[in-house]
Amino acid sequence: MAHAFTYDVPIGPDVYARIKEGLGSEPPKGLIAHLAYRIEGGLRYIDVWESKADWNRFVEERLHPVVDSVVTEALGFRPPEPPVERLELIDAWIGR
């Protein structure tokens, strides 16, 4: 079952670009879609993954090591994990 969620982060596009660079160009296993857009006070992400296990693996193996370094350097501290709002996904239609 797909795992879809949204959450807000207190960073700007410049820090986001550094995180993406640190993650490399290879898409993570299980990622269906990742959207990032500006909101007041930072960015909002919307993610869709094949499973929660794929998301958890990506977080532990790739995301946290990069975010811990980049965000701590940019903000001067490591903010707490953002609250995640689970989405009841009905469909994901992704075009190329």
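## Nonpolar core

The largest nonpolar core holds 19 residues, and Ile-11, Ile-19, Tyr-45, Trp-55 and Leu-63 touch the most other members. A nonpolar core here is a set of buried Ala, Val, Leu, Ile, Met, Phe, Trp, Tyr and Cys residues joined through side-chain atoms within 4.5 Å. Buried means under 20% relative accessible area, exposed over 50%, and partly exposed in between, with a 1.4 Å probe and protein chains only. The elements that give two or more residues to this core are β1 (3-9), α1 (13-23), β3 (42-49) and α2 (52-75). Helix α2 supplies the largest share, eight residues.

Trp-55 is in contact with His-3, Phe-5, Tyr-7, Asp-47, Trp-49 and Leu-63, leaving aside neighbours within four places in sequence. Contact means heavy atoms within 4.5 Å.

## Basis of the model

This is a predicted model: local features need pLDDT of at least 70, side-chain atom pairs count only at pLDDT 80 or more, and totals for chains, interfaces and linings use all residues. Residues are numbered from 1 along each chain as its sequence is written, and side-chain values use heavy atoms, with hydrogens and water left out.

## Fold and dimensions

The chain has two helices and four strands. From the N terminus on, they run β-α-β-β-α-β. The radius of gyration is 13 Å, close to the 12 Å that the globule rule gives for 96 residues, so the chain is as compact as a globular protein of that length. That radius is taken over C-alpha atoms, and the rule is 2.2 Å times the number of residues to the power 0.38. Helices (H or I, at least four residues) and strands (E, at least two) are DSSP runs, numbered from the N terminus.

Along its principal axes, the C-alpha trace spans about 40 × 30 × 25 Å. Among contacts between residues at least 6 apart in sequence, 71% join residues at least 24 apart.

## Surface and charge

Buried residues make up 32% of the 96 residues. The accessible surface comes to about 6600 Å², and 55% of that surface belongs to carbon and sulfur atoms. Areas come from the Shrake-Rupley method with a 1.4 Å probe; for residues, only the protein chains shown count as cover.

The chain carries 11 positive and 16 negative charges, and their mean positions are 2 Å apart. Lys and Arg count as positive and Asp and Glu as negative; His and the chain ends are not counted. Each charge is placed at NZ of Lys, CZ of Arg, CG of Asp or CD of Glu.

## Buried strand positions

Ala-4 lies in strand β1. Ala-4 is buried, with a relative accessible area of 1%. Not counting residues up to four places away in sequence, Ala-4 touches Asp-47, Val-48, Glu-85, Arg-86, Leu-87 and Leu-89. Phe-77 is 73 residues from Ala-4 along the chain, and their C-alpha atoms are separated by 28 Å.

Gly-42 sits in strand β3. Gly-42 counts as buried, at 11% relative accessibility. Beyond residues up to four places away in sequence, Gly-42 touches Val-9, Pro-10, Ile-11 and Tyr-37. The C-alpha atoms of Gly-42 and Tyr-16, 26 residues apart along the chain, are 9.9 Å apart.

## Exposed positions

Arg-38 belongs to strand β2 (residues 31-39). Arg-38 is exposed, with a relative accessible area of 64%. Leaving aside neighbours within four places in sequence, Arg-38 is in contact with Pro-13 and Leu-43. Gly-12 is 26 residues from Arg-38 in sequence and 7.8 Å away in space, C-alpha to C-alpha.

Glu-60 lies in helix α2. Glu-60 counts as exposed, at 55% relative accessibility.
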